[in-house]
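This report goes through one protein model in short sections. Please keep the sequence and the 3D view open while reading.

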Amino acid sequence: MPQKYDVIICGSGSAGICAATWLARYGIRCKVLERRDGPMTMGQADGVQCRTVEIFESFGIGEELLRESYHVLEVVFWADEDGSGVIRRNGRTADTQPGLSHQPHVILNQARINGLLIGLMKELNGQEIDYGYDVTSVKVDEGKSKDAEAYPVTVAAERNGKTETFEAKYAIACDGAHSTVRKSLGYKMVGDSSDAVWGVMDMIPRTDFPDIRKKATIRSKAGNLMIIPREGGTLTRFYIELAPGTKAKDVKLEDLQRTAQNIFSPYQVEFTETVWWSAYSIGQRTADFFHQDHRVFLAGDACHTHSPKAGQGMNVSLQDGYNIGWKLGSVLNGLAHPSLLETYVLERQKVAIDLINFDRYFSKLFSSGQTTPAEFQEGFIKSGKYTAGLTAKYEKSVITSDIDDSERLSSNVTVGMRLPSAQVVRFCDSKPVQLAEPLKSDGRWRVMAFAGDITVPGNRTGLNTLGKYLSSSTGPINSFTSKNADVDSLIEPILVAHGKRHAVELDQIPECFYPFTGKNQVRDLHKIYFDDESYNRGHGHVYKHLGMSPEKGVIVIVRPDQYVSAVIDMDEYEQIGKFFEGFLIPQGNDQQKQDHAGSKL
């Protein structure tokens with residue numbers, strides 16, 4: 001009799017373990033089948049873009065990541081501009097332009113990045129990875145796929161010479177560019193590859209080049225090279241363009257070292273120790289399909305491959321898992337109907353296509369003869385927002401609403417994009433924090449009331465009206481929250497007021513913003529913030545940063561993954577309930593829940 005699981009994850013790469021971490025947060029055990037005999041020890045990816053650091057922060061493991069990693073703060077540009085064979089520094093810029101993110105771009109080995117997530121999922125619910133399983137096939141019984149309670153997915157895997165069979169409600173293919181799952185479903189990778197060949201090596205250099213501990217690009221007659229300093233103080237990665245006509249399979253380590261030495265001229269570089277190296281041809285491909293009956297989903301390299309120079313591979317893959325994980329958790333816990341899962345394909349397939357288009361542009365930018373040094377530098381800087389992971393914009397769906405008054409109410413908050421952060425002051429203890437801090441990856445939706453200056457009678461009236469609606473027996477909180485759960489466990493109201501916090505008393509704020517919660521049922525005072533001067537860290541000016549007016553209240557609905565679902569005028573507060581009715585399941589009796597779920601399949 002096959003073992004049954006809610007979710008089987010094929011592969012323990014970044015996408016897989018991020019999805020498993022989300023499921024662990026929801027209390028759901030899954031089966032993670034990994035071909036390797038044990039945890040990754042030396043990953044090839046190392047760049048952690050700003051958005052990924054924000055995700056780790058939301059999971060509560062950002063401090064470890066930041067403490068152990070190399071922080072990329074500056075990019076320097078070197079070129080042989082006059083053809084003399086001598087490279088000179090010809091520009092520099094901040095790696096992440098000010099205001100894009102409150103988190104930096106960092107470098108840390110993929111094995112350690114995955115290890116942080118693995119440690120968290122074990123801590124949350126004891127979730128483990130089953131090593132030594134080679135997945136051989138995945139099938140979906142289409143006749144069962146419409147039944148929310150069925151296990152239509154069959155996964156066969158070989159271990160120690162024996163084949164085991166598992167059944168699941170859902171499966172996620174995170175088994176890499178040569179995905180067995182993708183091939184088993186009959187799907188193909190569509191795209192092309194170029195003749196350009198690049199080499200990469202992680203080594204410890206001995207050199208008189210002055211910018212060896214900065215992210216740097218070098219363009220010379222001998223080729224192009226990019227320097228990525230690694231964690232630890234001495235380890236460094238070189239990406240090296242190889243001569244036209246080079247075949248990746250013929251490249252030797254000595255070829256990479258010799259080419260790098262020629263590019264560095266007149267500076268000297270020796271390679272005291274090389275811990276890893278490879279050569280690759282550039283290819284950009286996406287899978288022709290990203291799902292089978294919305295029961296098997298492709299993620300990571302299983303559905304998109306590209307060159308590594310922009311540092312997007314691990315990041316985009318991890319964010320695939322981040323996207324599908326909370327949606328599966330919501331569906332499997334009976335909070336949302338299965339149609340929510342359709343948004344994974346809608347959102348992440350577009351991201352993959354955008355990634356391929358960007359990678360073509362970025363690869364062309366790096367290739368010799370395609371751009372001048374000045375054009376290269378300009379293009380590199382303009383690409384900063386994309387390489388930081390902050391350009392993804394999700395299209396209209398049941399969770400990305402057409403309720404969008406952002407142009408009038410909030411010029412820097414975009415429906416379908418992640419909510420920007422800036423410093424605010426927490427009301428209960430006057431602690432300055434980032435607006436992103438309360439937006440933790442714990443499965444909760446946030447209804448954020450930017451109520452303006454609530455000492456103004458009109459604004460206070462608007463806030464009180466909103467509070468009364470959110471607390472009402474027919475409002476979205478009481479309608480969709482499980483009866484035995486804390487009142488804020490699914491939809492959490494957060495207040496961000498403007499002005500002097502000391503001019504406001506707690507009893508002037510609706511109680512839905514400080515409800516009784518937790519085992520001891522005490523008031524949670526950590527949901528109220530002010531755009532105000534802090535004692536020691538100045539003023540964050542969050543309203544200005546988000547493009548809001550203190551005179552006009554704004555409601556922002558934020559998804560569990562920090563993306564914005566809707567921007568609503570305070571007077572239109574009843575739109576909140578209509579929005580959640582589109583995908584959440586009313587938490588009445590079991591028959592009501594079953595009827596509602598069935599009607600949405």
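## A mixed sheet

Which residue stands opposite aspartate 531 in β26? Histidine 498 does. The model is a predicted one. In it, strand β23, residues 491-498, pairs with strand β26, residues 528-531, in the parallel sense over four bridges. In general, strands of a sheet pair through backbone hydrogen bonds, either parallel or antiparallel.

The two strands belong to an open sheet of seven strands with mixed pairing, in the order β21-β20-β26-β23-β22-β27-β28. The edges are β21 (432-434) and β28 (564-569); each has a single partner strand, so one side of each is left without a neighbour in the sheet. On average, neighbouring strands of this sheet are turned by 30 degrees against each other, direction ignored.

## A helix across the sheet and the annotated domain

An unreviewed UniProt entry annotates residues 393-587 as "domain: Phenol hydroxylase-like C-terminal dimerisation". This span is 18% helix and 22% strand, and its end C-alpha atoms lie 31 Å apart.

## Helix α7

Helix α7 covers residues 313-332. At 1.5 Å a residue, its 20 residues should span 28 Å, and the end C-alpha atoms are 29 Å apart, which agrees.

Is α7 enclosed or open to the outside? Of its 20 residues, 20 are buried, so α7 is largely enclosed by the rest of the structure. Glycine 334 follows α7, and its phi is positive, near 75 degrees.

## Cysteines

Cysteine 50 lies in helix α2, residues 50-59. Its relative accessibility is 0%; because buried means under 20%, cysteine 50 counts as buried. Leaving aside residues up to four places away in sequence, cysteine 50 touches Thr96, Ser101, Gln103, Pro104, His105 and Ala388. Leucine 116 is 66 residues from cysteine 50 in sequence and 17 Å from it in space, C-alpha to C-alpha.

How many disulfides does a search of the whole structure find? The search finds zero. Cysteine 303 is in no disulfide, and the nearest cysteine sulfur, that of cysteine 174, is 8.6 Å away. For cysteine 428, also in no disulfide, the nearest cysteine sulfur is that of cysteine 512, 16 Å away. Cysteine 303 is buried, with a relative accessible area of 0%, whereas cysteine 428, at 34% relative accessibility, counts as partly exposed.

Terms used:
Residues numbered from 1 in each chain as written. Predicted model: local features only at pLDDT ≥ 70, side-chain atom pairs only at ≥ 80, totals over all residues. Heavy atoms only, no water. Pairing = 2+ DSSP bridges. Axes fitted to C-alpha atoms, helices over the stretch in contact; angles between N-to-C directions. UniProt positions renumbered as here; feature names shortened; annotations may be inferred. Expected span 1.5 Å × (residues − 1). Buried < 20%, exposed > 50% of the residue type's maximum accessible area, 1.4 Å probe, protein only. Contact = heavy atoms within 4.5 Å. Disulfide = S-S within 2.5 Å.
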